[in-house]
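Open the structure in your viewer and keep the selection tool at hand. The stops below go from a single residue out to whole chains.

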2 protein chains.
Amino acid sequence: MLQKKNAVLVDGVILNGPIMDSKAGEKFVEDACKIIMEEVVQKADDITEKVCEWQAPEKLKQILDLEMRDTGECDQKVLQLCRDVIKYSVKTNHPRFFNQLYAGIDYYSLVARFITEALNPSVYTYEVSPVFLLVEEAVIKKMIEFIGWEEGDGGSVSNMYAMNLARYKFCPEIKEKGLSGLPRLVLFASEECHYSMKKAASFLGIGTENVYFIKTDERGKMIPEELEKQVQRARKEGSAPFLVCATAGTTVLGAFDPLDKIADICEKHGLWFHVDASWGGSALISRKHRRLLHGIHRADSVAWNPHKMLLAGIQCCALLVKDNTGLLKKCYSAEAAYLFQQDKFYNVSYDTGDKSIQCSRRPDAFKFWLMWKALGTVGLEERVNRALALARYLVEEIKKREGFQLLLEPEYANVCFWYIPPSLRKMEDGPEFWQKLHQVAPIIKERMMKKGSMMLGYQPHWGKVNFFRQVVISPQVSREDMDFLLDEIELLAKDL
Amino acid sequence: MLQKKNAVLVDGVILNGPIMDSKAGEKFVEDACKIIMEEVVQKADDITEKVCEWQAPEKLKQILDLEMRDTGECDQKVLQLCRDVIKYSVKTNHPRFFNQLYAGIDYYSLVARFITEALNPSVYTYEVSPVFLLVEEAVIKKMIEFIGWEEGDGGSVSNMYAMNLARYKFCPEIKEKGLSGLPRLVLFASEECHYSMKKAASFLGIGTENVYFIKTDERGKMIPEELEKQVQRARKEGSAPFLVCATAGTTVLGAFDPLDKIADICEKHGLWFHVDASWGGSALISRKHRRLLHGIHRADSVAWNPHKMLLAGIQCCALLVKDNTGLLKKCYSAEAAYLFQQDKFYNVSYDTGDKSIQCSRRPDAFKFWLMWKALGTVGLEERVNRALALARYLVEEIKKREGFQLLLEPEYANVCFWYIPPSLRKMEDGPEFWQKLHQVAPIIKERMMKKGSMMLGYQPHWGKVNFFRQVVISPQVSREDMDFLLDEIELLAKDL
């Protein structure tokens, strides 16, 4: 240890020795870790716990002591706050959390995330993040293998990046000159695509009206002939088509666009072919189910979020790019001299920070890597196969039960269905029936939230009234949970 | 506990019971937490440890077993990987990590981050993130107080968001129509602004050439008269000026633009006034130093990153917006029906997800909140005052020592200086001297990296040859570390 020197006073501040009590700090972290282990990690698979301890916003504000004051609270008080935060938060790890496209707990990814937070790195240069940059490279390489490209590049963000990249490829001058005065750029995506496409088009200055939405069939898949028509329409209008975004695993229905046929059209018209496989990409890991993405190797770019079905933890989003001539770098670089010095003593090609939009960036690849190391490809595959088999099981159970009605035969893990309560079962099919059914899901949802027994999403969709969307992801989940789901809906809605 | 039911086999998968061994998983997390405590948290203030265990990329790849295989590794092996990851990562918590605009450890923020990772929430709707949405509201409200606005809105991202917002305000139609066919949009920022401004202009379709850079004075501050000239030039050219980005705390020199005078010009010309206070915003917490940002209350938007001087952990970036008529929502909303249902049973104004670009989003406000609760405003203020007093101390020491030369008198925590090694001290001032001096910092940097004794950034800047930039942040740091820094440079460079 370095010897302490004489006291120095500058601007009224004594500058000797550190001002933090690190022993007390370490004790606090240890105490808090105990709470996290007991209240979150150990309860993750306990179905006797509530999914959430519901409180309305106004009430919850009163319960939590939110105000930040001039003087700090003692560690005991802060530990109590931590307990309260955990108590009133939704347990997304709970086996009955079916509400979004993520769920469950993976212990390896969790540990990787704890390590990341403790080390507090930012991924831009090799000198600052040596391990994490190499890990990222290994993960991207492996993901590209599963897409079926020979080489490629990657970065951890998604659809908007792809759109920008496609635009750069189409016309590199836009980087400097902007879009002003150029012909209208047009891109194509299915009616069922994620809403981030519209957000991205607006953000990039392309405009939401220049996203041409392509009709889908009754299963939610893009119709290739409709795409062909729309491309021709755009050309006739004198606008500049540059990009097709296909979706592999839509958010609501879990539909997969016919990638191979769409690739043909992109090739014919010279359009960038992007696949949003944020949700469906994980099927690539399964030898049984990867046929859902047949043709993906022909894509120019692929977005794939391992934080969804593969449980890598929010967020873990990869954009994979087939080009290996440095397009990402050319498109994004700003060459900040203070960060990306060229006179360093090591191979600066590992300073990848200039390939992304963000400056500070967390090493999101690391958690996916540690999990993959621990489970192996086979372990990941097993999870995907199990999730899809469970979805299959649920579908068959729904068909058997009175009052449950499938929206459509699913191809992935999204099981969409209505619950028709006893009072509506004898009603004639007609506007009144659908209007009444529309109100059923919100009521059941309110009841399950207040009871805390499970969480399940619902939504209306293209003229279809409110239906439930069950998403099966977590390896903690079993047929018992599927049965519970249906029993619980019946129980909650028996008086409706 | 729910009773297990009969085995069900679907698609070759047995669907009963969970497939994860949660006891083993919990044990693994406990073992790993012990390693994290011992190897990261407890060593955070130990100056006898290396800042990094340097290895060149090719060598480090050999040491780490990076490959992801078909079968997983046993827990013991994975724990060893964790140890290796920690060993070869840069310790950004180390008292001698001076390399970026973040450093040190805050135990409260760290615990909040562990809780976040364990709960794995995503912030879009109240039902999924009740606590974190309220916490975010409390944090934004408090930050707005420090800026001096009466009301406002906020979201956790920064400069690019502000640019997009200003553009929307200027011409809302761009959201739907895009920029095609519109007059050229122009924005203004100082020559010393962060490189994210150019990246943002390129990304948004505005074009990097339409960022007009304003000359700065010798201290790196934007010259208001030059701004006035450039705005008039843009008008004469027939382009559409819409935004001025002032910087409060530039990346390299730590300069503060004269906000009050810039506000006058923005008002006169009807331009959106954005302040990038990512780095300098933390001075707002200090009653002594907040005068550096005099005039910030007149801004339309402010970016402020508490993950820098306030140690909230990467990343914690707030964009604060003065408008309270819902501009953020109007500008960003895509109104996805599957996520933002309007027939919910609670006040959906807390479903704030549609105000941001991302869909999945971590609750970055939480770590700042917990820290603020624990330290109080006074504790945060003390940290800022101490960091700036330490910078002051370092400046005075540099002036006293032979061979050290300040680039300029700093106003913030960036202390920029050259080290002139013995062999150059007698040389005449001239091109040869500067060319030789340019090579000194990279050599010292290489030596400190390989020794692992500290990390300190260097860069050339506007014709000035490579100089060191010392950034003082962490409350673990003391005058002893400042003295060490100068001693160590002398030691590393004594033969140069």
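Start by selecting A:Glu381, which sits in helix α12 (residues 364–400) of chain A. Bear in mind throughout that this is a predicted model.

Is A:Glu381 buried or exposed? Its relative accessibility is 7%, so A:Glu381 counts as buried, the cut-off being under 20%. Now show what surrounds this residue. Apart from neighbours within four places in sequence, A:Glu381 is in contact with A:Ile285, A:Ser286 and A:Arg287. With A:Arg287 there is a polar contact, side chain to side chain, at 2.5 Å.

Next, colour chain A by domain. The assignment gives domain 1 as 9–91 and domain 2 as 114–375. Taken over C-alpha atoms, the centres of these two domains of chain A are 37 Å apart.

Then bring in chain B and select the interface. Here 195 residues of chain B are in contact with 195 residues of chain A. The two chains bury about 16900 Å² between them, with 63% of that on carbon and sulfur atoms.

The rule finds 12 salt bridges between chain B and chain A, and 72 residue pairs in polar contact, both residues at pLDDT 80 or more.

Which element gives the largest share of chain B's side? Select helix α12 (residues 365–400) of chain B: this helix supplies 20 residues. Finally, colour the side of chain B that touches chain A by class, which gives 97 nonpolar, 48 polar and 50 charged residues.

Note on methods:
Residues are numbered from 1 along each chain as its sequence is written. Chains are lettered from A and ligands numbered from 1 in the order in which they are written. This is a predicted model: local features need pLDDT of at least 70, side-chain atom pairs count only at pLDDT 80 or more; totals for chains, interfaces and linings use all residues. Side-chain values use heavy atoms; hydrogens and water are left out. Contact means heavy atoms within 4.5 Å. Buried area is the accessible area (1.4 Å probe) that two parts lose on being put together, summed over both. A salt bridge is a side-chain nitrogen of Lys or Arg within 4 Å of a carboxyl oxygen of Asp or Glu. A polar contact is a pair of N or O atoms within 3.5 Å; within protein, one must be able to donate a hydrogen and the other to accept it, and residues adjacent in sequence count only if both atoms are side-chain atoms. Helices (H or I, at least four residues) and strands (E, at least two) are DSSP runs, numbered from the N terminus. Ala, Val, Leu, Ile, Met, Phe, Trp, Tyr, Cys and Pro count as nonpolar, Asp, Glu, Lys and Arg as charged, and the others, Gly among them, as polar. Domain bounds come from an automatic or database domain assignment. Buried means under 20% relative accessible area, exposed over 50%, partly exposed in between (1.4 Å probe, protein chains only).
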